[in-house]
Amino acid sequence: MKIVIVLLVSLVVVSHCHQEKNVTSHASLNMPGETEIDVSNTTQQTSEEEKENDRKLMEQWTRMFFSMGRIPQQGEQILIFPGLFNGSTTVEVARPRELRNIDVVATTDNNSAILPAYFTDGQNTTEIPTVSTTINSTVSSFIQLSNDSRLFFHDEEYHFEDVDSLDEDQRQRRRLRSARNEMNLLNADEEHITTMITTVFSTARNFLNNETIRANVVQYLTQKMRSFGLVTGNQIFHPIEFAELFPEGSEEDVPTGTNVIGILPGELWGTKEDEVLVIGAHWDTVPFSGGMDDNGSGVTAVLEVARAMTEGGCRPKHSIIFVAFDLEEVGCLGSIFFVRDFLIQQILQPHGAKLKGAYVLDTIMNYNETQFSQTLSPEWQTALPLFWEDIQAENKTGDFLAILYRKNVDATLADTLAYNWKNDGKPPNKKKSQKDNTADRNPRTFRIDNREITIMKTADKAVETVKSGSSKYRLKKVRMDLEAEVGEQLERLTAWIDLLRSDHSRFWYHNIEDYPQSFPAVLITDTAPYRGVMQECYHQECDSSSANDDSKFADVRFLTKTCQALIDSMVSLSESKCLFQSQPPETNKLRRRANAKQSTSSGSHLFASSLLPYAITLVVIRFITYSS
């Protein structure tokens, strides 16, 4: 038996934010004291001194991880956002091609380019205005802003034309079906979800594999959001200040990342009364993994929510931002740049708007009804003991989606999703709601078999299971008794580090000076590497649609249910007015049957009314004959 003295959880968080099982990290730092000691002799024990060193090391890496947002920006950053910035186009006609003719660095045998073709590395950028950062002297000092949509496109071969064509065919069918009252456009479309998750988002999207494919995915995401009518942009960043996170540890080997962002402006857009909502997921993968569950499932859900709200004719009161983060697998870098340099600087600060909350989606379609298919890491079990007890009480069955939240900060986001999961978007029954609230205000105590039993009010439950009213799928609200404000004492987060290795942590503890430290956000997940087949396929090639044909770990209907609950939650939280109201599948079937029955009944009445004149004539003739 072997014990790794270095705390692997910390190493994984710093290297690529997600814990990776049975795979050597592709983006690790050279941690001091990284040694492995063989302790096959069972009598050998870890000394108290070694434990103390481990604890200090873990605290050190925790402080470093949550201080990354304060590291001064060294690489260039470009925001290409047509329509968002004041002024006209900022790039001349000849500029796009010039931007693409840059030297690239080959990192693989097939000479794939590391730098995206549209990144301006070492080019003359005087035609693009420079904006100084005033929020924090220790963060980015320059961000280039462009309104030129031509920078979205590149000269490389595009591989997703067939997917685009299929998407458009499906869009036309939805319009026709909606016109015939056969489909509610505000309902999640399983066909659309299946197309995205089995094609684009089952393709390896890591910078070490094929930069052309990555550029194609960025173009697909950008065109998709633009087709929905969102105000769409690319946030391109070159994180050379984090070079040590990458394989070679040199600035030359650091790739650029691209966050793809779409905005659905609300009625209060550009005012201090706007309470902005964010829904996001990372689109990148680890090397050679198709990333179907991690995290094609999350990006698919983000796009489906955007599709439903735009095609469903929703006009939100509060603005919504849809975002696909890049380089999550390398220290959650994309979400650092998004929160620090876009959300705060470009959206919240200029007008004094607030962030109402963020839904962060990470691996959300692994569903397993088999007993003993669900496990948790020792770190999860220690941090969330009641969650682990709940799983054990259900024979470790992985048939649920989990939403992780902090009680005093994120409860509204969690409660809203739980309500819509259970009620399928139906409006609340006021009388029932009032009664329920009264009952939950105080604990109820009663006796069974001489034992005193106390049922705590709902708000005090650390784990709450929510059943759907229209399907077998379940949601578990998992409360984390985690402090929202830790100030400079970042080491207080050490015990929770294994639960903070996704993009939600960049909202919770972005650690930007002169700004509130914590934003409301929740993590929605199927627990990633701790369920069924994904215990072996997490960060492996078998996390793909082709492998799923055999192993069946990914459940599209489970993902569709999640999309529907998110659609209803975003409509509710943004206070949107929509042309449609979402309805469960059974309701749609009943409505179609009623329409068919009404059509048949109308036809019968029409036929009867057409015979009425002949009937009257016949009666008159018989009366005359009888009278004569």
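A residue is termed buried when its relative accessible area is under 20%, exposed when that area is over 50%, and partly exposed in between. In this predicted model, Asp148 has a relative accessibility of 2% and is therefore buried. The side chain of Asp148 meets that of Arg150 in a salt bridge, with an N to O distance of 2.5 Å.

Arg214 has a relative accessible area of 3% and so counts as buried. Glu211 is likewise buried, at 4% relative accessibility.

Asp399 and Arg474 form a salt bridge whose closest N and O atoms lie 2.7 Å apart. The two residues are 75 residues apart in the chain: Asp399 is found in the loop between α10 (385–393) and β11 (400–406), while Arg474 is in strand β15 (residues 474–480). With a relative accessible area of 14%, Asp399 is buried. Arg474 is buried as well, its relative accessibility being 12%.

Salt bridges also link several residues into a network, comprising Glu168, Arg171, Arg174, Asp189, Glu304, Arg307 and Glu311. In total, 33 salt bridges are counted in the model.

Methods:
Residues are numbered from 1 along each chain as its sequence is written. This is a predicted model: local features need pLDDT of at least 70, side-chain atom pairs count only at pLDDT 80 or more; totals for chains, interfaces and linings use all residues. Side-chain values use heavy atoms; hydrogens and water are left out. A salt bridge is a side-chain nitrogen of Lys or Arg within 4 Å of a carboxyl oxygen of Asp or Glu. Buried means under 20% relative accessible area, exposed over 50%, partly exposed in between (1.4 Å probe, protein chains only). Helices (H or I, at least four residues) and strands (E, at least two) are DSSP runs, numbered from the N terminus.
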